[in-house]
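Work through the exercises below with the structure open. Try each task before reading its solution.

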Amino acid sequence: MRIPILKLKDYLLVSIQVELDDQTVLTFQEDLLNKIKDTGAKGVVIDLTSVDMIDSFIAKVLGDVIVMTSLMGTKAVLTGIQPAVAITLIELGITLENVHTALDLEQGISILSQYLEG
Amino acid sequence: MTEPIVININNEFDIVLARQKGREVSKDLQFGGVDQARITTAISELARNIYLYAGTGQITINVLEENGRRGIQISAFDEGPGISDVRMVLQDGFSTSGGLGAGLPGVKRLMDTFDIDTMPGAGTRITITKWAR
């Protein structure tokens with residue numbers, strides 16, 4: 001299963017709407033980095049509105065992909081983390097430090113454009 | 001009494017299957033959304049531990065009824081290497097997998113009860129429960 005990555009102007013938009021197994025999330029990590037290289041995107045929004053569970057593995061891969069994105073010189077934002085997901089992540093002991101987040105897709109894009117356009 | 005649901009864990013896709021079953025059962029038991037997320041996350045962590053440390057094992061999901069209360073009990077069983085220092089793996093921040101799993105303290109916090117039965121060389125059984133409120 002592949003997670004679609006859409007390009008909109010200088011941004012890549014990803015909405016995760018599938019049940020995440022390990023392989024899907026690892027493939028996504030590679031696909032996203034390749035797509036950044038191919039498109040020269042300046043910003044990435046990964047929307048998690050439809051994701052009802054994030055375990056420690058998925059959290060680690062998502063956190064890693066954000067750091068990898070930034071290594072490539074692109075800024076990424078996670079959006080739409082559901083209340084239940086935020087609660088379980090913290091109870092699990094996962095804080096996703098140094099990861100930029102926003103309430104929803106719209107705010108994610110506005111954070112990116114503020115950052116990129118100053 | 002409902003029949004227990006047994007999920008054999010042999011590969012990473014079985015981890016997804018186990019948590020989907022957990023989600024179904026916790027929905028049926030009318031757990032709230034946050035508790036459903038806690039339960040599925042806890043199952044995912046235990047199934048991953050089986051896959052990472054023992055290779056294969058089983059997740060069993062049971063429905064509990066006690067004094068009119070209903071709950072879910074999940075048991076994770078493997079015949080892997082076992083754990084020599086249980087106290088250490090129950091400490092926050094301890095991991096032997098390089099940070100892959102959040103570890104057992106996280107699972108413990110997500111659930112109402114947490115029991116572990118393990119011996120080096122004799123496998124591990126972890127049983128967790130959550131009661132519907």
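Predicted model: local features only at pLDDT ≥ 70, side-chain atom pairs only at ≥ 80, totals over all residues.

Residues are numbered from 1 along each chain as its sequence is written, while chains are lettered from A and ligands numbered from 1 in the order in which they are written.

**Exercise 1. The fold of chain A**

Task: Count the helices and strands of chain A, then give their pattern along the sequence.

Solution: 
- Step 1. Helices (H or I, at least four residues) and strands (E, at least two) are DSSP runs, numbered from the N terminus.
- Step 2. Chain A has 4 helices and 5 strands.
- Step 3. Along the sequence they follow β-β-α-β-α-β-α-β-α.
- Step 4. The radius of gyration, taken over C-alpha atoms, is compared with the globule rule, 2.2 Å times the number of residues to the power 0.38. For chain A the radius is 13 Å, close to the 13 Å that the rule gives for 118 residues, so chain A is as compact as a globular protein of that length.
- Step 5. The C-alpha trace of chain A spans about 35 × 30 × 25 Å along its principal axes.

**Exercise 2. The sheet of chain A**

Task: Give the strand order in chain A and name the edge strands.

Solution: 
- Step 1. Two strands pair if DSSP finds at least two bridges between them.
- Step 2. The 5 strands of the open sheet in chain A are ordered β1-β2-β3-β4-β5, and the pairing is mixed.
- Step 3. The edges are β1 (5-8) and β5 (100-102) of chain A, each pairing on one side only.
- Step 4. From one strand to the next, the twist averages 25°.
- Step 5. Take one pair. β3 (residues 43-47) and β4 (residues 75-79) of chain A run parallel and are joined by 5 bridges. Val44(A) has Ala76(A) as its bridge partner in β4(A).
- Step 6. α2 (residues 56-71) of chain A lies across β3 and β4 of chain A, at about 155° to β4(A). Angles run from 0 to 180 degrees between N-to-C directions, and axes are lines fitted to C-alpha atoms, for helices over the stretch in contact.

**Exercise 3. The sheet of chain B**

Task: Which order do the strands of the open sheet in chain B take?

Solution: 
- Step 1. The order of the 5 strands is β1-β2-β3-β5-β4 (chain B), with antiparallel pairing.
- Step 2. β1 and β4 (113-118) of chain B are at the edges with a single partner strand each, so one side of each is left without a neighbour in the sheet.
- Step 3. β1 (residues 5-9) and β2 (residues 57-66) of chain B share 5 bridges. Here Ile7(B) stands opposite Ile59(B).
- Step 4. β2(B) is joined to β3 (residues 69-78) of chain B by 10 bridges. Gln58(B) has Phe77(B) as its bridge partner.
- Step 5. β2(B) and β3(B) form a hairpin with 2 residues between them. In the turn, Asn67(B) has a positive phi of about 50°.

**Exercise 4. Two helices of chain B**

Task: How do α1(B) and α2(B) cross?

Solution: 
- Step 1. Their axes come within 8 Å and cross at roughly 155°.
- Step 2. Angles under 35 degrees count as roughly parallel, over 145 as roughly antiparallel, 65 to 115 as roughly perpendicular and the rest as oblique. α1(B) is therefore roughly antiparallel to α2(B).

**Exercise 5. Where the chains meet**

Task: Which helix of chain B gives the most residues to the side that touches chain A?

Solution: 
- Step 1. Residues are in contact if their C-beta atoms, placed from the backbone, lie within 7 Å.
- Step 2. Chain A gives 19 residues to the contact and chain B gives 23 residues.
- Step 3. In chain B, α1 (12-28), α2 (33-54) and α4 (104-110) give two or more residues each.
- Step 4. α2(B) gives the most, with 9 residues.
- Step 5. α3 (residues 83-92) of chain A packs with α2(B) at about 45°, axes 9 Å apart. The two helices are therefore oblique to each other.
- Step 6. Residues that meet here include Ile87(A) and Leu92(A) in α3(A), and Val34(B) and Arg38(B) in α2(B).

Technical notes
Contact = placed C-beta atoms within 7 Å.
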